[in-house]
Amino acid sequence: MPTHDIRYFVLDVESVADGALVAALRYPGAGLGPAEAVARYRAELLETRQTDSIPYTYQVPVSIAVAKVTAAYALAELVILDEPAFRPHVIADLFWRGWEAYGQPTLVTYNGRSFDLPLLELAAFRYGLALPRWFGEGPKGSQARRNRYNAASHLDLMELLTNFGAARFSGGLDLAARLLGKPGKMEVEGQLVQGLHEEGRLGESNDYCRCDVLDTYFVFLRTRVLVGQLTLEREQDLVAATKRWLEERAAEHPAYQAYLAHWGDWPNPWKRAEPAAASV
């Protein structure tokens with residue numbers, strides 16, 4: 001498919017802590033190895049903040065899944081960057097070069113404003129990548145690509161659903177996907193990626209990333225109904241077409257097999273039989 005037919009990059013990023021960096025900055029002189037430093041930091045965070053999620057500033061990307069979506073909202077391709085090597089510097093470079101090559105499509109994320117995009121920007125800083133079109137070359141003010149309210153540049157679905165943080169979306173992407181009958185979180189969750197990476201189980205973390213992107217894509221479609229850019233009927237046609245797309249590729253991708261095994265159809269209330277009116 002020509003690059004100019006792609007209008008959206010629906011993406012998800014998985015990352016792990018840089019253990020050497022954690023050891024050097026958090027525990028200088030303690031003699032901790034990278035894995036020990038990460039384990040100690042996670043334990044401290046869990047005790048003090050009730051979460052063991054290490055700040056993105058200590059992390060590097062190890063998986064990026066990108067669903068390439070057309071202007072008509074059809075899924076054209078879903079790719080994992082730098083597979084099977086999964087080198088953080090190459091992953092970051094491929095993502096930003098791909099965004100340029102496809103004409104700066106709209107980035108679509110769930111909570112990407114707080115995590116995915118800052119992580120990828122910091123990776124560009126760390127690895128010496130130049131991003132002039134993202135950081136400043138082009139429109140200014142409210143039309144600047146990094147402006148929080150410029151949904152044509154980056155559409156964060158969580159911000160849309162919470163009116164830019166005015167409400168709390170308890171349940172997150174998992175809940176939003178399940179409202180549509182889609183699998184949501186299955187065997188792997190984000191906090192497990194660190195352990196999978198340390199054990200060399202990179203395929204599993206990338207399968208998780210694929211499934212998160214699929215959930216994000218279906219939530220994206222429903223938001224297009226919400227804002228009046230798609231009819232409900234057209235959205236349901238796209239969902240059915242995507243299911244066929246997954247079925248055609250399931251033999252090659254265990255992640256798609258698992259996703260289809262947990263697939264559910266949206267319980268459409270408009271197609272349910274209405275109860276008979278009570279007689280007078």
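**Close-up 1. Contact between helices α10 and α11.** Residues K243, W245, L246, E247 and R249 of α10 meet Y256, Y259 and L260 of α11, where contact means heavy atoms within 4.5 Å. The model is predicted: local features need pLDDT of at least 70, side-chain atom pairs count only at pLDDT 80 or more, and totals for chains, interfaces and linings use all residues. Residues are numbered from 1 along each chain as its sequence is written, and side-chain values use heavy atoms, with hydrogens and water left out. The contact of α10 with α11 comprises 5 nonpolar, no polar and 3 charged residues. Here Ala, Val, Leu, Ile, Met, Phe, Trp, Tyr, Cys and Pro count as nonpolar, Asp, Glu, Lys and Arg as charged, and the others, Gly among them, as polar. Helices (H or I, at least four residues) and strands (E, at least two) are DSSP runs, numbered from the N terminus.

**Close-up 2. Crossing of α10 and α11.** The axes of α10 (residues 232-249) and α11 (residues 254-261) come within 8 Å and cross at roughly 135°. Axes are lines fitted to C-alpha atoms, for helices over the stretch in contact, and angles run from 0 to 180 degrees between N-to-C directions. The helix α10 is therefore oblique to α11; angles under 35 degrees count as roughly parallel, over 145 as roughly antiparallel, 65 to 115 as roughly perpendicular and the rest as oblique.

**Close-up 3. Helices α1 and α2.** The axes of α1 (residues 19-26) and α2 (residues 34-49) come within 7 Å, crossing at roughly 65°, so these two helices are roughly perpendicular to each other. In α1, G19, A20, V22, A23 and R26 meet P34, A37, V38, Y41 and E44 in α2. The residues of this contact divide into 7 nonpolar, 1 polar and 2 charged.

**Close-up 4. The nonpolar cores.** A nonpolar core is a set of buried Ala, Val, Leu, Ile, Met, Phe, Trp, Tyr and Cys residues joined through side-chain atoms within 4.5 Å. Buried means under 20% relative accessible area, exposed over 50%, and partly exposed in between (1.4 Å probe, protein chains only). The largest core has 57 residues, and F95, W96, Y217 and F220 have the most contacts inside it. Helix α9 (residues 202-226) supplies the largest share of this core, 9 residues. A second, separate core of 10 residues includes V22, A23, Y27 and A37.

**Close-up 5. Residue P139.** P139 lies in the loop between α5 (132-135) and β5 (154-156). P139 is partly exposed, with a relative accessible area of 41%.
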